[in-house]
Amino acid sequence: MRTAEVREKFKQFFEGKNHLALPSYSLIPHDDPSLLFTVAGMAPFKPYFLGATPTFAGHEGVWPRVTTAQKCIRVGDIENVGRTNRHQTFFEMLGNFSFGDYFKKEAIEWAWEFLTDKKWLGLEKDRIYVTIYKDDDEAFEYWVKNVGVAPEKIHRFDADENFWPANAPTKGPNGPCGPCSEIYYDRGASFGTDTWADYYNTRESSRFVEIWNLVFPQFNRSGPIPGEGILEPLPKKNIDTGMGLTRVAAIMQGVEDFYSTDDFKPLIDEVTKLAGIEYQGPKSVSHRVIAEHARAVTATLSDGAAFSNTGRGYVVRRLLRRAVRHGYLLGLREPFMHKLSEKVAETLGVAYPEMRENLASVQRQILLEEGRFFETLDSGIKRLDSLLVGLRQGDVLAGEEAFKLYDTYGFPMDLTLEIASERGISVDTEGFEKALAEQQERARAGMSFSKEVFKKTAEALENLAKQEGATEFTGYSSTEEQAEVKLMLLGEETLEEAPKGTELDVVLSKTPFYAEGGGQIGDFGILEWEGGWAKVATTQKNADGIFLHRVKVEEGTLKAGEKVRALVDARRSDTERNHTATHLLHAALRAVLGTHVKQAGSLVAPDRLRFDFTQPEPVSKKDLEAIELLVNRWIQADFPVSWSYKPIEQAKKEGAMALFGEKYADTVRVVTVEGSVDNVSSMELCGGCHVRRTGEIGVFIITSEEAVSAGVRRIEAVTGEGAVRFVRQQLAHIGALAESLGVSAGGLAERIRRLQEELKSKDREFEKLKMDLARARMGGGGGPVLRTSGELSYLALALDGLDPGSLRNAADELLEKYQADLVAVGSAGNLVLKLGKKALDSRLEAGALLKKISQTAGGRGGGKGALAQGGGFDLDKAFEALEGALKN
């Protein structure tokens with residue numbers, strides 16, 4: 001049975017049990033800051049486990065039963081991937097969920113039916129084993145009496161094994177929790193001679209494979225953390241299950257492990273083809289790592305992640321680098337991972353269309369990152385050389401240094417071990433593992449559920465939301481409104497009166513102030529009432545749709561229940577220009593650069609707009625001009641801008657752009673520019689404020705284009721009067737520069753070119769004069785004195801005004817002119833050591849010698865073989881230290 005068939009059967013089975021089948025959520029959790037990635041099938045449904053009504057965009061009614069095939073990423077045990085048959089970073093979790101509907105009985109009976117009924121998976125009943133929480137007699141009864149599992153096939157474990165979250169009763173966190181029951185399948189004696197009884201003690205087995213975990217969140221924990229918590233029954237009990245798709249597929253296909261399944265084999269075969277090295281099962285760790293990480297990197301980038309040095313971008317970068325270094329071990333010296341992305345899209349693209357749709361962009365990002373890392377590998381080898389030159393056979397390279405190579409340079413530990421071994425040097429692996437464990441613990445902390453997940457908002461805001469619902473927003477049609485003060489908050493304290501000087505949050509019965517969201521800043525302005533006024537600094541909105549106006553009372557006293565006149569600042573019209581221009585910019589970017597462009601962030605303010613977008617390389621000047629021109633043609637056409645409310649699925653079918661990372665309701669607001677230029681149009685889901693016609697924007701000018709992180713670019717632009725001011729400032733700068741150089745603005749470029757040529761010529765003359773002076777110093781009456789140390793002759797000379805490049809030239813000339821075995825020349829703290837053949841034959845190393853000198857004379861540097869250089873040296877002490885180093 002193919003992997004895709006297992007996925008589809010699971011969906012069909014639970015649809016037959018009245019579950020709503022939803023597509024996988026993104027790997028990037030947009031509404032849960034506690035997670036770097038979606039780590040489990042239940043993660044997107046946490047609000048419903050906490051009591052929110054389970055309604056879903058595009059599906060009418062309430063759905064307390066849901067099923068998904070969810071893409072997940074976990075990187076807590078990344079080093080085990082490829083080395084075991086269990087660990088994956090990217091995997092698909094098949095799950096069925098109940099939000100206060102069915103419970104243990106149905107979950108257990110349906111799991112048994114799906115696994116054993118020949119209509120579905122048809123697994124052998126006598127090869128299924130179960131674990132339960134030690135006190136869960138209810139689950140035990142259902143397993144034994146309802147489905148017929150023999151009692152001896154059921155192990156009872158403590159909360160470290162069979163409770164979610166693990167050890168919650170004694171270690172927390174507080175909040176919903178409960179026991180779980182894990183289902184195992186016996187793969188037979190060919191996978192191991194251990195027994196189910198052995199598993200009770202070892203809890204490790206290649207024979208007994210966990211395939212499904214049924215979690216029963218039935219308690220609410222409270223009390224000290226750590227400490228014995230109080231477990232009280234939840235008013236509504238939930239179900240959360242997770243089945244590892246690739247593990248089940250391996251069983252259904254009768255193969256050794258998931259690396260041999262139909263989803264993985266094409267990738268393994270491609271690695272074999274690229275490297276020219278046959279795959280030998282578990283021995284071929286590098287083949288397995290590359291195949292697994294290709295899936296993870298492709299999936300995360302397809303969902304909008306980008307390579308970076310922090311957060312999830314750093315995790316994705318680590319995955320790619322780990323795969324590339326395993327390619328390096330297989331002899332691959334050119335980028336190859338981007339080729340595997342195509343295979344990933346072929347195998348997973350039907351289930352997850354975004355992998356096919358975004359393939360071109362993903363491949364570009366991977367190719368650029370791979371190219372950089374192959375350069376990094378070379379620089380890592382050079383860095384390792386500089387560490388090893390100061391060591392001798394039998395010495396030990398510090399584990400902390402090895403980990404810095406691994407973590408900072410992305411340099412693989414096994415290459416460090418191999419290169420060091422060739423020189424008779426060992427590596428402190430314990431120190432490396434300690435540093436790695438500390439880093440992994442930080443990674444696990446970032447991947448775990450936050451203990452603040454169940455934190456509630458202010459009680460007063462909750463009550464207001466329940467009584468009156470969300471704040472009515474009237475700002476699309478007006479920037480002025482008469483309203484009543486419904487609530488005043490100072491922190492989480494409610495106020496009845498706020499005298500002059502008080503800074504607080506105010507909730508109105510209705511408001512024309514736009515709340516920050518979708519990149520647009522919150523409106524600012526004033527509130528007026530009889531006898532006083534307050535300045536509104538910004539406006540925000542909470543999860544319940546309550547608008548919070550951050551105000552400072554300037555005159556009088558503001559009271560709860562007061563009738564106020566709410567006035568939005570006139571600069572809102574500038575914000576509207578910039579917001580509509582942002583939509584046009586987005587459409588223009590996709591038209592000129594390609595549909596791989598996706599929004600990665602934005603800022604819409606009165607004075608400027610900023611737009612971040614996925615793009616693996618800088619935008620050329622030619623493309624920037626085309627983008628800017630296209631936007632201005634829309635503006636000059638003076639097209640109407642309209643908005644309407646539609647069901648989200650209808651809006652998407654009509655071509656509306658749903659922005660990545662935004663959460664939408666069933667009914668959405670669609671903003672449309674009623675016209676097209678070169679068959680390019682703009683239609684986006686947006687709750688922001690816009691102009692009525694594109695002509696109101698006036699003009700659009702791009703002021704900058706730059707990188708934000710690897711794979712993400714940023715454009716800043718201005719419109720309207722702001723654009724006019726920008727142009728006048730640029731013209732003024734050009735005019736002042738031209739005047740200072742005595743030419744017209746038109747002749748400025750040629751004048752600057754000539755000045756640059758003159759400057760280069762003067763620099764060359766200056767460098768020649770410095771070398772002439774240095775040669776005079778080297779060969780005149782005050783020339784260098786050839787000294788000896790043992791059988792070696794050497795020169796040590798300080799020269800004025802030479803940079804490191806000139807010092808190297810001087811060292812070469814001195815070495816040849818005086819037939820010295822070693823030359824040390826310095827200038828302004830810089831030091832260069834150059835060794836001749838005799839010095840090299842005596843087993844001297846320039847880098848090791850420089851390191852010894854730095855212990856006495858300060859400074860830092862490196863090198864190998866015949867040449868070493870550095871800076872920050874006390875040259876007098878350095879030359880004295882050289883004599884001592886040669887004697888030793």
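**The contacts of E716**

Find the residues in contact with E716, leaving aside its neighbours within four places in sequence.

Solution. 
- Step one: list the contacts. E716 touches R608, L609, R610, I701, I702, T703 and S704, once neighbours within four places in sequence are left aside.
- A word of caution: this is a predicted model.
- Step two: find the element.
- Step three: check the cover. The cut-off for buried is under 20%.

**From E716 to I701**

Take I701 from that list of contacts. Which strand holds I701, and what does I701 touch, beyond neighbours within four places in sequence?

Solution. 
- Step one: I701 belongs to strand β30, residues 700–709.
- Step two: its relative accessible area is 15%, so I701 is buried.
- Step three: read the contacts. With neighbours within four places left aside, I701 meets E628, E716, A717, V718, A723, F726 and V727.
- Step four: follow V727. V727 forms a nonpolar surface patch with L731 and I734. Together they have about 220 Å² of accessible area.
- Step five: look at I734. I734 is in helix α21, residues 720–740. Its relative accessible area is 38%, so I734 counts as partly exposed.
- The C-alpha atoms of I701 and A294 are separated by 40 Å. Along the chain, I701 and A294 are 407 residues apart.

**Helix α25 and its cover**

Compare the length of helix α25 with the expected span. Then say which of its residues are buried and what covers them.

Solution. 
- Step one: α25 runs over residues 846–857 and has 12 residues.
- Step two: from first C-alpha to last, α25 reaches 16 Å. At 1.5 Å a residue, 16 Å is expected, so the two values are close.
- Step three: the buried residues of α25 are A846, G847, A848, L849, L850, I853 and A857.
- Step four: think about the turn. An α-helix has 3.6 residues a turn, so residues three or four places apart point the same way. Check the buried positions on the structure with this in mind.
- Step five: name the cover. The cover includes β34 (822–827), β35 (830–835), β36 (858–864), β37 (867–873) and α26 (875–887).
- Step six: zoom in on α26. A878 lies in this helix. At 1% relative accessibility, A878 is buried. Beyond neighbours within four places in sequence, A878 contacts L831, I853 and A857.
- Step seven: see what comes next. G858 follows α25, and its phi is positive, near 70°.

**The nonpolar cores**

Which residues touch the most other members of the largest nonpolar core, and which helix gives the largest share?

Solution. 
- Step one: recall the general rule. In soluble globular proteins, nonpolar side chains tend to be buried together.
- Step two: the largest core has 104 residues. L115, W143, I183, I211, W212 and M337 touch the most other members.
- Step three: helix α13, residues 359–388, supplies the largest share, 8 residues.
- Step four: look at M337. With neighbours within four places left aside, M337 is in contact with I290, H293, A294, L320, A323, V324, I366 and E370.
- Step five: find the second core. This separate core has 31 residues, including A581, L584, V641 and V673.

**Salt bridges across the sequence**

How many salt bridges does the structure hold? Say which parts of the chain the E113 and K17 pair ties together, and which parts the D678 and R633 pair links.

Solution. 
- Step one: the count is 46 salt bridges.
- Step two: E113 and K17 meet at 3.1 Å, N to O. E113 is in helix α3 (104–116), and K17 is in the loop between α1 (3–15) and β1 (20–22). The pair therefore ties together parts 96 residues apart in sequence.
- Step three: check the cover. E113 is partly exposed at 26%, while K17 is buried at 19%.
- Step four: D678 and R633 form a salt bridge, with the closest N and O atoms 2.8 Å apart. D678 lies in the loop between β28 (667–677) and β29 (680–685), and R633 in helix α19 (621–637). The two are 45 residues apart.
- Step five: D678 is exposed at 53%, and R633 is partly exposed at 34%.
- Step six: find a network. Salt bridges link K71, D303 and E354.

Note on methods
Residues are numbered from 1 along each chain as its sequence is written. This is a predicted model: local features need pLDDT of at least 70, side-chain atom pairs count only at pLDDT 80 or more; totals for chains, interfaces and linings use all residues. Side-chain values use heavy atoms; hydrogens and water are left out. Contact means heavy atoms within 4.5 Å. Patches are made of residues with over 30% relative accessible area and no salt bridge: like charges are joined within 9 Å, nonpolar side chains (Val, Leu, Ile, Met, Phe, Trp, Tyr) within 5 Å. Accessible areas come from the Shrake-Rupley method with a 1.4 Å probe; for residues, only the protein chains shown count as cover. A salt bridge is a side-chain nitrogen of Lys or Arg within 4 Å of a carboxyl oxygen of Asp or Glu. Helices (H or I, at least four residues) and strands (E, at least two) are DSSP runs, numbered from the N terminus. Buried means under 20% relative accessible area, exposed over 50%, partly exposed in between (1.4 Å probe, protein chains only). A nonpolar core is a set of buried Ala, Val, Leu, Ile, Met, Phe, Trp, Tyr and Cys residues joined through side-chain atoms within 4.5 Å.
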